Amino acid sequence: MQLYNKLSAKERAELIDKAGKDRLTISFYQYYKIKDPQVFRDQLYINWDKLDVLGRIYVSFEGINAQLSVPAENFKTFKADLDCISFLENVRLNVAVEHDNKSFLKLKVKVRDKIVSDGLNDDTFDVTDIGVHLKAEEFNEMLADPNTVCVDMRNHYESEIGHFKGAIRPDVDTFRDSLDIIEEDLKNHKEDKNLLMYCTGGIRCEKASAYFKHKGFKNVFQLEGGIIEYTRQTKSEGVENKFIGKNFVFDHRRAERISDDVVSQCHQCGEPCDEHVNCDNEACHLLFIQCKSCSEKMNTCCSDTCKNIASLPFVEQKTLRKGKGNSNKIFKKGRSEVLKFKK
Ligand SMILES: [Zn+2]
Ligand SMILES: [Zn+2]
């Protein structure tokens, strides 16, 4: 049996267009001790391939983290399949606000050490002793409490384009870094303040809240289902939206617009802008914010150097890259000396 994706992204995109059917973009996760991740992975692949599911799914000994798209007409079957897996019965499915039939173009189910790369040694604390889950309305109430410190658990390039008003946004490249910074900042308030946290879909807060409780924080709360579920509740239940800007997501859409506010700026000219692009020089591929006029002027590149390289014939670009295979890794995501407006 064929257990790996064979179609190219382009072939898949054509198939989706031809089918002309609506697809839902969904994410979910569950911490659970899976005995044999490889067997579980193969079974998922077989089931989901049949349902024409596409996406990026991580399976590990600690659970599952899935971001995927499923044809709307297969959703019921997909959900029924999940409910047959004991630890996924009634798991909360985050359904994307914005519609995009091509949010994913391949089905990739991977076995990993962890379902989120968190840089933590799990043996040191109890990952099941998590904070209190809050619904959108409860979250708003706590956010308004002067005794609350609200923290964004995402990385800098995510919180840059959208966040809750008044939230602390650690300027970090990794989840692990943010934990230390937050603990240091709040070390004198472990008992008297409410530590209120949020992330994209809730998964990072599961780990973070357990970590902070282990570190002695007494009042730890987290937004259930993250920004995605919060937004769904504000729309369907009329709860006031306190999130400004866009929610960064990890599929082809890159972000969902939540409010009309543009809270970031073009990294090249400083104009208000919240469009992420990847530098068009394949050897660079830097993720940064670029406005339309800079994109035209720079051919969607981050620098003159990249613009020159990207304009060369492909063969020449390849020769240039030889021996510098990892040149794109010298840049951190969303940061570079060449960007005037990204300190
Ligand atoms: Zn610009
Ligand atoms: Zn570049």
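Colleague: Which residue just after H7 takes a positive phi?
Modeller: Gly216, with a phi of about 105 degrees. The model is predicted, with local features needing pLDDT of at least 70 and side-chain atom pairs pLDDT 80 or more, whereas totals for chains, interfaces and linings use all residues. Residues are numbered from 1 along each chain as its sequence is written, chains are lettered from A and ligands numbered from 1 in the order written, and side-chain values use heavy atoms, leaving out hydrogens and water.

Colleague: What makes H7 "mostly covered"?
Modeller: Buried means under 20% relative accessible area, exposed over 50%, and partly exposed in between, with a 1.4 Å probe and protein chains only. By that criterion 10 of the 12 residues of H7 are buried, among them Arg204, Glu206, Lys207 and Tyr211.

Colleague: Why are the buried residues of H6 placed on the same side of that helix?
Modeller: In H6 (residues 175–185), the buried residues are Phe175, Ser178, Leu179, Ile182 and Glu183. The arc is that of the directions from the helix axis to the C-beta atoms. Here the arc is only 125 degrees, so these residues lie on the same side of H6. They pack against strand S7 (148–152) and helix H7 (203–214).

Colleague: What makes a set of residues a nonpolar core?
Modeller: The members are buried Ala, Val, Leu, Ile, Met, Phe, Trp, Tyr and Cys residues joined through side-chain atoms within 4.5 Å. The largest such core has 30 residues, of which Phe28, Trp48, Ile64 and Phe78 touch the most other members. A second, separate core of 19 residues includes Phe125 and Met153.

Colleague: With which residues is Phe78 in contact, leaving aside its neighbours within four places in sequence?
Modeller: Contact means heavy atoms within 4.5 Å. Phe78 meets this for Phe28, Trp48, Leu51, Val53, Leu68, Val70 and Leu93.

Colleague: How do you know whether the chain agrees or disagrees with a compact globule?
Modeller: The radius of gyration is taken over C-alpha atoms, and the globule rule is 2.2 Å times the number of residues to the power 0.38. For 343 residues the rule gives a value near 20 Å; the chain has 21 Å, and therefore agrees.

Note on methods: Helices (H or I, at least four residues) and strands (E, at least two) are DSSP runs, numbered from the N terminus.
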